[in-house]
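Here is a short briefing to read alongside the model. Take a look at the fold first, and then we will walk through it topic by topic.

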Amino acid sequence: MTDYFFKTIVLSVCFFFFSCGTKAGDQEKQIRDRPGSNLNRQKSEKMPDKVLKTSEQWRQLLTPEQYDVTRKKATEPAFSGEYNNFKENGLFRCVCCDSDLFSSENKFDSGSGWPSFWAPVSEKNLKTAEDISLGLIRTEVLCSRCNAHLGHLFDDGPPPTGQRYCINSIALKFIRNSQGF
Ligand SMILES: [Zn+2]
């Protein structure tokens with residue numbers, strides 16, 4: 001009788017722990033599957049969401065000069081931009097959507113009159129298109145998140161890539177790195 005009683009207690013305790021473990025697993029799955037949960041967000045942060053706005057919405061967010069360059073593909077005059085002769089350490093983000101575009105670590109003085117970089121922070125954050133305006137065939141550089149026109153890409157840059165991302169200052173927003181990397 002005592003032996004039977006003991007076995008019943010052991011089995012009950014085992015069943016209790018088993019069911020608790022299953023419930024905890026189910027709860028974690030439910031939280032992960034819930035839209036907007038932290039676990040879900042961590043997974044999707046690698047691919048930035050697209051930013052789509054109407055012309056009128058962009059006009060309200062940007063200065064007329066920023067709008068002309070980023071949304072209408074204008075070019076700021078050479079040697080006029082804020083970041084042409086600029087040597088501080090930090091990150092250059094898209095002025096329209098804040099996507100990380102270029103690092104000061106990859107900036108170089110091209111002498112062209114526009115800020116120049118030999119590589120982006122991530123190629124996923126940029127996209128390119130053929131530009132046949134002005135009677136030239138050039139490669140246009142755009143923000144992949146919001147479609148902002150940023151500048152052009154040339155293959156006469158320095159090592160190690162040999163690329164020159166020639167970017168309008170006005171399309172960029174500088175974030176100083178306080179840790180000084
Ligand atoms: Zn953008």
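**Fold at a glance**

From the N terminus on, the protein chain runs α-α-α-α-β-β-β-β-β-β-β-β-β. That makes four helices and nine strands, where helices (H or I, at least four residues) and strands (E, at least two) are DSSP runs numbered from the N terminus. Please keep in mind that this is a predicted model: local features need pLDDT of at least 70, side-chain atom pairs count only at pLDDT 80 or more, and totals for chains, interfaces and linings use all residues. Residues are numbered from 1 along each chain as its sequence is written.

**Burial and contacts**

- Of the 181 residues in the protein chain, 23% are buried; a residue is buried if 20 or more other C-beta atoms lie within 10 Å of its own, exposed if 12 or fewer, and partly exposed in between, with C-beta atoms placed from the backbone.
- Among the contacts in the protein chain with a separation of 6 or more, 54% link residues 24 or more positions apart; two residues are in contact if their C-beta atoms, placed from the backbone, lie within 7 Å.

**The three-stranded sheet**

- Three strands form an open antiparallel sheet in the order β2-β1-β9; two strands pair if DSSP finds at least two bridges between them.
- Its edge strands are β2 (100–103) and β9 (172–176), each of which pairs on one side only.
- Neighbouring strands of this sheet are turned by 30° against each other on average, direction ignored; the axes are lines fitted to C-alpha atoms, for helices over the stretch in contact, and angles run from 0 to 180 degrees between N-to-C directions.
- Three bridges hold the antiparallel pairing of β1 (residues 90–94) with β2, and Leu 91 has Ser 103 in β2 as its bridge partner.

**The six-stranded sheet**

- Six strands make up another open sheet, in the order β3-β4-β8-β7-β6-β5, again with antiparallel pairing.
- Here the edge strands are β3 (107–108) and β5, and each pairs on one side only.
- β3 and β4 are antiparallel and share two bridges; the bridge partner of Lys 107 is Phe 117 in β4.
- Strand β4 (residues 116–117) is also joined to β8 by two bridges, in the antiparallel sense, with Ser 116 partnered by Cys 166 of β8.
- β7 and β8 run antiparallel and are joined by four bridges; Gly 151 stands opposite Ile 167 in β8.

**Side chains along β8**

- In a regular strand the side chains alternate between the two faces of the sheet.
- In β8, Arg 164 and Cys 166 point one way while Tyr 165 and Ile 167 point the other way, and all are buried.

**Backbone features in the loops**

- Most residues other than glycine have a negative phi, and most peptide bonds are trans.
- Lys 73 is not a glycine, yet has a positive phi of about 65°. This residue is found in the loop between α4 (64–72) and β1, and Lys 73 counts as partly exposed because it has 16 C-beta neighbours inside 10 Å.
- Leu 134, also not a glycine, has a positive phi of about 60°. The loop between β5 (126–131) and β6 (138–143) is where Leu 134 is found, and Leu 134 is exposed, with 8 other C-beta atoms within 10 Å.
- Pro 159 and Pro 160 are joined by a cis peptide bond, with omega about 10°. Pro 160 has its place in the loop between β7 (149–154) and β8 (164–167).
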